[in-house]
Amino acid sequence: MMKIEGIATFVAVVEAGSVSEAARRLRLSKSVVSERLAELEKTLGAMLVHRTTRKLTLTEDGAAFLERAGRIVREMEDAAADMAERRGTLSGPLRIAAPVSFGRLHLGPALYPFLKAHPQIALTLDMDDRRVDPASDGYDSIIRHGAIADTRLVAWKLARSRRLLVASPDYIERHGKPGSLSDLNDHRGVFYTNRGAADWRFQTEEGAVVIRATLGLGINNGDMLHDAAIEGLGIALLPTFIAGPTIRDGRLIEIDVGAKPEPEFIYMAHPEGRNPSAKLRAIADHLKKTFGDPPYWDPDF
């Protein structure tokens, strides 16, 4: 007889990309994961994955079985969550991916009281600045700063986000303070590389304007971008959820170029066609309430 834990293990191995990573996520030993996978293959009479020392790939039978297996696992998890909700309890596993800086500064502190109040939720929070695909990477939801163009995702707004052009007093003393958008072309920029070359977008009466200052440094992490700006390596476009405290204490100075960066939001998104669980909806509601409107990190300077 086919066992549900074997099906769930197979789905976890495919989503994780390896037996060892699936074992880490499931909090099991590698040998247990391998045994469950082998038992499932024996029951089905078919090999589901090709295993090598470097990678794991689906067989034709494995690819055919995966879609239904994933649906079975989600239905079982949803059924268990629904039963818990009937008892007034939020419980079960949940995987969320979030950007590193926002997660460390705001998401974690907001979630900890919620998780203490709902100890039966088993949350795995993966901090990564890359733009993950929640469906293929096995996440129930993602937290993202900035626009979500993927039509396969359903996005909920959690909070508004304001970004400001900033530079250190030392940089401004050495290079001067730009007063217009065109002045930025003569300055060095510290850029967040995950957003691409067109990240500096501003609202003007004529529409959106993209500025491409001289690359001084490109970084794929918001905390390091912030640190580089403090060190005077160039002008940076930073969200106030990172730069607010250093603008207040004078280590960074806001630069007014006569136009505002395009407004943004903090989103929580989940794959389209997958009904969000009660615990995911509860977390989203909690985060919206905790962050506030306007968000607590964004007072007037």
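Which elements each supply at least two residues of the lining of the largest cavity? They are β3, α5 (100–117), β5 (141–145), α8 (222–230), β12 (235–239) and α9 (240–248), and the legends below place this cavity among other features of the chain. The model is predicted, so local features need pLDDT of at least 70 and side-chain atom pairs count only at pLDDT 80 or more, while totals for chains, interfaces and linings use all residues. Residues are numbered from 1 along each chain as its sequence is written, and side-chain values use heavy atoms, with hydrogens and water left out.

**Figure 1. Overview of the chain.** The secondary structure comes to 10 helices and 15 strands; helices (H or I, at least four residues) and strands (E, at least two) are DSSP runs, numbered from the N terminus. Taken along the principal axes, the box filled by the C-alpha atoms is roughly 75 × 45 × 35 Å. Of the 301 residues, 43% count as buried; buried means under 20% relative accessible area, exposed over 50%, and partly exposed in between, with a 1.4 Å probe and protein chains only. The chain exposes about 15900 Å², of which carbon and sulfur atoms supply 51% (Shrake-Rupley method, 1.4 Å probe; for residues, only the protein chains shown count as cover). Among contacts between residues at least 6 apart in sequence, 75% join residues at least 24 apart, where contact means heavy atoms within 4.5 Å.

Figure 2. A search of the whole structure finds 3 cavities of 30 Å³ or more. On a 1 Å grid over the protein atoms alone, a cavity is a set of points where a 1.4 Å probe fits but cannot get out, and a pocket is an open set with protein on both sides within 12 Å along at least five of seven lines; lining residues have an atom within 4 Å of a point. Grid points are joined across faces, edges and corners, and a volume is the space filled by probe spheres set on the points. The largest cavity holds about 380 Å³ of space. Its lining consists of 27 residues, and P99, D129, H145, Y192 and R195 lie nearest the centre. Strand β5 gives the largest share of this lining, 4 residues. By class, the lining divides into 15 nonpolar, 4 polar and 8 charged residues; Ala, Val, Leu, Ile, Met, Phe, Trp, Tyr, Cys and Pro count as nonpolar, Asp, Glu, Lys and Arg as charged, and the others, Gly among them, as polar.

**Figure 3. Surroundings of R195.** R195 is placed in the loop between β8 (188–192) and β9. This residue is one of those nearest the centre of the largest cavity. At 21% relative accessibility, R195 counts as partly exposed. Not counting residues up to four places away in sequence, R195 touches H145, G146, R163 and E264. R130 lies 65 residues from R195 along the chain, and their C-alpha atoms are separated by 9.7 Å.

**Figure 4. The second largest cavity.** This cavity contains about 150 Å³ of space. Of its 13 lining residues, D78, D140, R274, N275 and S277 are the closest to the centre. At least two lining residues come from each of α4, β3 and α10 (278–291), with the largest share, 3 residues, from α4. The lining comprises 4 nonpolar, 3 polar and 6 charged residues.

**Figure 5. The largest pocket.** The volume of the largest pocket is about 730 Å³. It is lined by 27 residues, and A12, L26, V73, E77 and P93 are the closest to its centre. Two or more lining residues are given by each of α1 (4–16), α2 (19–26), α4 (60–86), β3 (92–98), β4 (121–127) and α6 (134–137). Helix α1 contributes the largest share, 7 residues. The lining has 13 nonpolar, 4 polar and 10 charged residues.

**Figure 6. The second largest pocket.** This pocket has about 270 Å³ of space. Among its 16 lining residues, S161, R162, R163, P263 and D298 lie nearest the centre. The strands β6 (153–161), β7 (163–167), β14 (260–261) and β15 (264–271) each supply at least two lining residues.

**Figure 7. A sheet with β9.** An open sheet is formed by 3 strands in the order β10-β9-β14, with antiparallel pairing; two strands pair if DSSP finds at least two bridges between them. β10 (207–210) and β14 stand at the edges with a single partner strand each, so one side of each is left without a neighbour in the sheet. β9 (residues 201–204) and β10 pair over 4 bridges, and G207 in β10 is the bridge partner of T204.
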